[in-house]
Amino acid sequence: MGKDGHDERRIRFDRVWTDHHRHVLAYCLRRADRAVADDVCAEVFVVAWRRLDDVPEPPRTLPYLYGVAGRVLSNHRRSSRRRIRLDQRLRVVEPTLPGVAELNDDDRIVAAAVRGLRRLDREIVMLHAWEDLPHGDIAEIMGMSRAAVDQRLHRAYRLLERELARGLDRRAPDVPAAAGEGVA
Amino acid sequence: MTYDLIDRTVRRANPVPDPARLDHKPPLALGAHAPEGLTMQLIERPTDQRPPDEGPRRSRWVVLAGAAAAVVVAFLVGMIVANRDAAPSAPADSIGPVETLDTAPPPEPTLLTRAMEFNPIPAGEYVIDTDGDPDSTLLATLTIEGDRWFAAQPGVGRDEPNGDYSFALLAAEVDRVNAAGCDTTRFIDERGGDLTQWTDVDGAGARQVAELLAGMPDVAVIDPVAEMTAFGYPAIHLTLGMPDCGQRDHGYIVWEGPTFGRNYDPGMTAEYWVLDVDGTTVLVEASWHADSLVEDRNALWDAIGTLEITP
């Protein structure tokens, strides 16, 4: 590769990094603790650099990177399983990082209910509600039809509705919701 | 809680609501200097400058080295294969897309026919002819996993361990809807199947069919009629709880199509998506007993997640 090609590659990667690394990191932080999120985010961009020719142009770039992040995170969890119970860590989001929200009690219940969904449903809900992706992009990332995404999301929300009703009922006697913060 | 409200509730619980606020540098230096460093590793790696082989003595060593390398490679391949066979399957709760490296072409899906009706069927992909007419093109495909499934020409059912059965997933073009609830059920029991109490819905739109279902006099409307997109098509969604009319053996009849009539036990729940598939009304049903096993319900939802309608 000549110097011009090298420079073009660097410029393109810098643009991918600058435009998207916070979103990829946010994706990871929504699914893993900070240390894992850092590692996974970094690995996503190593993959992006190695396969820069495969990285699509915007607006396809971010869904592509989310797809890579999902696979890297999945691999990371599998490889870590023998050493530690990563499941336990994956349920914790440290609120110390700027940009990571301090959730109130109700929102913690909601987040826990989301994480309690079955694997594919959980990922679809997160991609829809937290990454705010259109269903077509979710279908592409998940490798399923748009119809399946529609259906699974609808089903997952129905389950969440029931789980939240139970979760908030259980919580209600001990931790009263602040005025205006209750989940209807 | 409406769909919109649950959506807002979930969005509000986003742990990282605004990625732009993240002020953070990941540990691996992938910032402005990363491309240069990675370039050194991945692109500007020195090329192999080994001089060409020139003598017989060197050739002998090359052959020996090659043989040794082959032994090492064979050993490593064996280890990898052994580890792969021993490795656990993908964790059920892992997050992210599922990677599949299987390059073998998938088997052709099996068309469910009347001849197969109520016979056990193995896991696999199946095609449902929604009206039983081989000349029409509207088909539904779905994939089932596990055992205890049986064929029902407009869908699949699942035998329950207690000896009962629960139709799990049906996709049918509906001709008639029970207009009189328990009265019609009793009428049929007493008069041997006279269908004069039925409402003909052949050619009716999705909303009309859905409203007739929801308007049956004895059913409990668990989820009211609501517009949505389902399986890629405009749809009307509703969920009904089936009444106790004193019926036996799934005797409460609700709808009939060209090849199938659907009856229910007391207390069964039926969830419907009435689809408008390019002008054809298709009823997709998922139904279960109040005491159906979680395992069976999960299998049901997994199968629904694979359903695709082809006009």
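Reader: Which residues does A:Asp137 touch, not counting residues up to four places away in sequence?
Author: A:Asp137 is found in helix H7 (residues 135-142) of chain A, where helices (H or I, at least four residues) and strands (E, at least two) are DSSP runs, numbered from the N terminus. Contact here means heavy atoms within 4.5 Å. Leaving out residues up to four places away in sequence, the residues that A:Asp137 touches are A:Arg60 and A:Pro63.

Reader: What pLDDT do local features need in this predicted model?
Author: Residues are numbered from 1 along each chain as its sequence is written, chains are lettered from A and ligands numbered from 1 in the order in which they are written, and side-chain values use heavy atoms, with hydrogens and water left out. The model is predicted, and while totals for chains, interfaces and linings use all residues and side-chain atom pairs count only at pLDDT 80 or more, local features need a pLDDT of at least 70.

Reader: How many of the 12 residues of H6(A) are buried?
Author: Helix H6 (residues 119-130) of chain A reaches 16 Å from its first C-alpha to its last, close to the 16 Å expected, the expected span being 1.5 Å times one less than the number of residues. Among the buried residues of H6(A) are A:Arg119, A:Asp121, A:Glu123 and A:Trp130. H6(A) is largely enclosed by the rest of the structure, because the buried residues number 12 of the 12.

Reader: Which residues of H5(A) and H6(A) make the contact between these helices?
Author: Helix H5 (residues 105-115) of chain A packs on H6(A) at an angle of about 135 degrees, with the axes 9 Å apart; axes are lines fitted to C-alpha atoms, for helices over the stretch in contact, and angles run from 0 to 180 degrees between N-to-C directions. That angle makes H5(A) oblique to H6(A), since under 35 degrees counts as roughly parallel, over 145 as roughly antiparallel, 65 to 115 as roughly perpendicular and the rest as oblique. The contact joins A:Ala111, A:Val114 and A:Arg115 of H5(A) to A:Arg122, A:Val125, A:Met126 and A:Trp130 of H6(A).

Reader: Are H1(A) and H2(A) roughly parallel or antiparallel to each other?
Author: Helix H1 (residues 3-29) of chain A and helix H2 (residues 34-50) of chain A pack with their axes 9 Å apart and at an angle of about 150 degrees. Residues that meet include A:Phe13 and A:Trp17 in H1(A) and A:Val44 and A:Phe45 in H2(A). With that angle, H1(A) and H2(A) are therefore roughly antiparallel.

Reader: Where is A:Pro59 found?
Author: The peptide bond from A:Pro58 to A:Pro59 is cis, with omega near 10 degrees, whereas most peptide bonds are trans. As for its place in the chain, A:Pro59 is found in the loop between H2 and helix H3 (61-80) of chain A.

Reader: Which strands stand at the edges of the open sheet of 4 strands in chain B?
Author: The strands of this sheet follow the order E1-E3-E4-E16, and their pairing is mixed; two strands pair if DSSP finds at least two bridges between them. E1(B) runs parallel to strand E3 (residues 124-129) of chain B, joined by 2 bridges, and B:Leu111 has B:Val127 as its bridge partner in E3(B). One side of each edge strand has no neighbour in the sheet, because a single partner strand is paired with each of E1 (110-111) and E16 (308-310) of chain B.

Reader: Through how many residues does a hairpin join E5(B) to E6(B)?
Author: From strand E5 (residues 149-152) of chain B, B:Trp149 and B:Ala151 point one way and B:Phe150 and B:Ala152 the other, and all are buried. E5(B) pairs with strand E6 (residues 155-159) of chain B in the antiparallel sense over 4 bridges, and B:Ala152 has B:Gly155 as its bridge partner. The hairpin between E5(B) and E6(B) passes through 2 residues.

Note on methods. Buried < 20%, exposed > 50% of the residue type's maximum accessible area, 1.4 Å probe, protein only.
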